Amino acid sequence: MKGSRLWQRLVQLGFLALAAIAWQIAATRGGVSPLLLPPPAAVYHEFLSLLKTGRFWPDLKVTLYELGVAFSIAAVAGSSMGYFVSRSRYAIRIFDPLFAGIFAIPAILLYPLYVLFFGLGQGSKIAMGATIAFFPIVLNTISGLSRVDSTYLTAARSMGASSPQMFWSVMLPAAFPIVLTGLRMGLILAFLSILGAETISSFSGLGHQIAGLAENMDTVSMFAYIAFVLLIALLLNLAVSFAEARGRSEGSMSAASSTTGENAARGGARRMLHPAVARLGLVGAMLVAWEAGARLFGDPLFTSPPSRVLAAMLHLAKEKDVVAALTLTCWELIVAFALSLMIGLIVGLFVGLLPFARGSIFPIILLLYAMPLATVLPLFMIVFGIGAASKIAFGASHGVFPIILAVAAGVQKIKPILLTSARSMGASRRQILFSVVFPHMLPSLFTGMRLGMSAVLLGVLLAELYVSQAGVGYLTSMFTQTFQPQNLFALVAVLAAIAVTLNELCRVSETRLSRWDG
C-alpha cells in the first residue's frame with residue numbers, strides 16, 4: 001500500500017516537472033513574449049515572495065468569505081431540493097430538465113443584474129457563486145438519490161426504518177459518490193465564478209488582484225497569484241477528499257453499493273398534468289413574474305420585460321449578421337462538446353477503473369479544473385490563433401472536467417461483485433466495458449454531459465466575448481456596451497432554447513439507453 005502511494009506521488013511530481021519543463025521551453029525558446037508567458041523561475045521567486053510577505057491575506061479573506069457563504073447556501077438549497085425532487089418520479093420529470101435548462105444559461109452574462117440587485121460589494125459575488133454552484137449540486141443529488149437500488153429500500157422498510165433512518169443509513173451511503181461529485185463541482189464552480197465576478201467589478205478579492213495585475217501587464221505577479229489560487233484549490237480539494245474518506249468509513253454501505261435502478265419513490269402522476277405541461281406552466285409563471293417585475297421595478301437600461309424581448313428576438317431573426325453569429329457559435333459549441341465528451345469519457349473511465357490512476361491522476365485533474373482559465377485565455381490565442389479553433393479549444397477545456405468527474409463517480413458506483421462475476425465467467429475487457437460498466441454509469445455520464453454542455457457554452461462565449469469579432473459572445477458584449485437589454489436578453493433566450501433542446505436530446509437518449517440497465 002505504501003509503495004503504491006509512493007508511485008502515485010512520483011507520477012504527480014513527474015507531471016509537475018514535465019509541465020515546468022514545457023513551460024520553460026515555451027517561455028525561452030518558443031518565441032512567446034515574456035509579457036504573455038514569463039519563465040517559471042521568475043514566477044516561482046515571486047510566489048515565494050508572495051507567501052513570505054503575506055500581502056495576499058486581505059484579498060484571501062474576502063474571497064474565502066464569499067466562497068464560504070455562497071457554497072453553504074448552494075449546498076443546503078441544492079441538496080434539500082434534490083432530496084425532495086428525488087422522492088417522486090413525477091417531480092423528477094418536471095424539475096430535472098428545468099434545472100438543467102436553467103443551468104445552461106450563461107449566468108455570467110447576467111452579472112450586471114446581480115450588481116443591480118445586490119450592489120458592487122460582496123453580495124453580488126455571493127449571489128453569483130451560490131446561483132452557479134446550486135445547479136450541479138441539485139442535479140447530482142437528484143441523479144444519485146433517485147437511483148438507489150430498490151432492494152435496499154425495501155429491506156429497510158421491512159425492518160421498520162423511519163424516513164430519517166432511510167436517508168442517513170441507506171440512501172445517502174448508496175448515492176454518496178454522485179452527491180459528493182455534485183458538491184465538489186459546486187465548490188469549484190462557486191470558487192471560479194466568484195473569482196470571475198471579482199475580476200469584473202470588485203474592489204477587493206483574489207480575482208480583483210489578478211485582473212489588476214493583468215491590466216498592468218505584470219504577468220509575473222499575475223501567474224504567482226494564479227499559482228496561489230491553485231494552492232487554495234488544492235487545499236479545498238484535500239478537505240473534500242477528507243470528508244469523502246470519513247463518509248465512506250462511517251457510512252453503513254460503501255459507495256459502490258448503489259446501482260442504477262428503478263426509482264423507489266413512486267409519484268402519483270396518473271391524475272396529474274403531464275410533466276411537460278407542468279414544466280411549461282412553471283416557465284410561464286416565471287415569465288409572468290419577470291414581466292411584472294421588469295415593468296414595475298426594472299430599470300430599462302438594465303432589464304427588459306419578456307414581451308419586448310420577444311419582439312427583439314423576432315427582429316434579430318431577420319438580421320443576417322445575427323443568424324451568422326448564431327450559426328458560428330452553434331458550430332463551435334457542437335465541435336467543442338464532442339471533443340469534451342470524447343476526452344472526458346476516456347479519461348473518466350481510465351481514472352474510475354484503475355485505482356492507481358485515481359490516486360495519482362485524479363488530484364491533478366481537480367487541480368486543473370480549479371484553474372481560472374479566463375486568465376490564460378491569451379495562451380489559447382497563441383497556440384490556436386484567433387479563429388474558431390481557439391474558441392473550440394477554450395470551450396472544450398471548460399467542458400471536459402465535469403464529464404471526467406461524473407464518469408469517474410459513475411464507475412465508482414458499480415458493485416465490485418458484478419465485475420468479479422463477469423471476470424469469473426470469462427468475459428473479455430470489451431464485454432465487461434459494454435455489458436457491465438456502461439449500463440451502470442449511464443446516468444452519471446448523462447449528468448456529466450449536461451453539466452459539460454453548459455460549461456462548453458460558457459467557455460465558447462467567454463472566448464468570443466474577449467477575443468473575437470464574431471459569434472454570439474461578441475454580440476452580447478456589443479449589446480451590453482450600447483445598453484440594449486432587450487437584444488441581450490433575446491440572445492440569451494435563444495441560447496437557453498438551444499441548451500434546453502440539447503438537454504432534452506440527452507434525456508431522451510438516456511431514457512432509450514436505460515434498457516441496458518435491466
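This is a predicted model: local features need pLDDT of at least 70, side-chain atom pairs count only at pLDDT 80 or more; totals for chains, interfaces and linings use all residues.
Student: What makes H6 roughly antiparallel to H8?
Tutor: The axes of H6 (residues 122-145) and H8 (residues 163-200) cross at roughly 155 degrees. Angles over 145 count as roughly antiparallel. Therefore H6 is roughly antiparallel to H8.

Student: Within what distance do the axes of H6 and H8 come, and what is the hand of the crossing?
Tutor: The axes come within 7 Å. H6 passes H8 in a right-handed crossing. By class, the contact of H6 with H8 has 18 nonpolar, 9 polar and 2 charged residues.

Student: Which residues make the contact of H16 with H17?
Tutor: H16 gives Leu377, Phe380, Met381 and Phe384. H17 gives Ala389, Ser390, Ala393, Phe394 and Ser397. These residues divide into 7 nonpolar, 2 polar and no charged. H16 passes H17 in a right-handed crossing.

Student: What span is expected for H4, and what does H4 reach?
Tutor: H4 (residues 89-103) has 15 residues. At 1.5 Å a residue, 21 Å is expected. From first C-alpha to last, H4 reaches 21 Å, close to that value.

Student: How do you know whether H4 is mostly covered or exposed?
Tutor: Buried means under 20% relative accessible area. In H4, 11 of its 15 residues are buried. Among them are Tyr90, Ile94, Asp96, Phe99 and Phe103. H4 is mostly covered.

Key:
Residues are numbered from 1 along each chain as its sequence is written. Side-chain values use heavy atoms; hydrogens and water are left out. A crossing is left-handed if the near helix is turned anticlockwise from the far one by less than a right angle, and right-handed if clockwise. Helices (H or I, at least four residues) and strands (E, at least two) are DSSP runs, numbered from the N terminus. Contact means heavy atoms within 4.5 Å. Ala, Val, Leu, Ile, Met, Phe, Trp, Tyr, Cys and Pro count as nonpolar, Asp, Glu, Lys and Arg as charged, and the others, Gly among them, as polar. Axes are lines fitted to C-alpha atoms, for helices over the stretch in contact, and angles run from 0 to 180 degrees between N-to-C directions. Angles under 35 degrees count as roughly parallel, over 145 as roughly antiparallel, 65 to 115 as roughly perpendicular and the rest as oblique. The expected span of a helix is 1.5 Å times one less than its number of residues. Buried means under 20% relative accessible area, exposed over 50%, partly exposed in between (1.4 Å probe, protein chains only).
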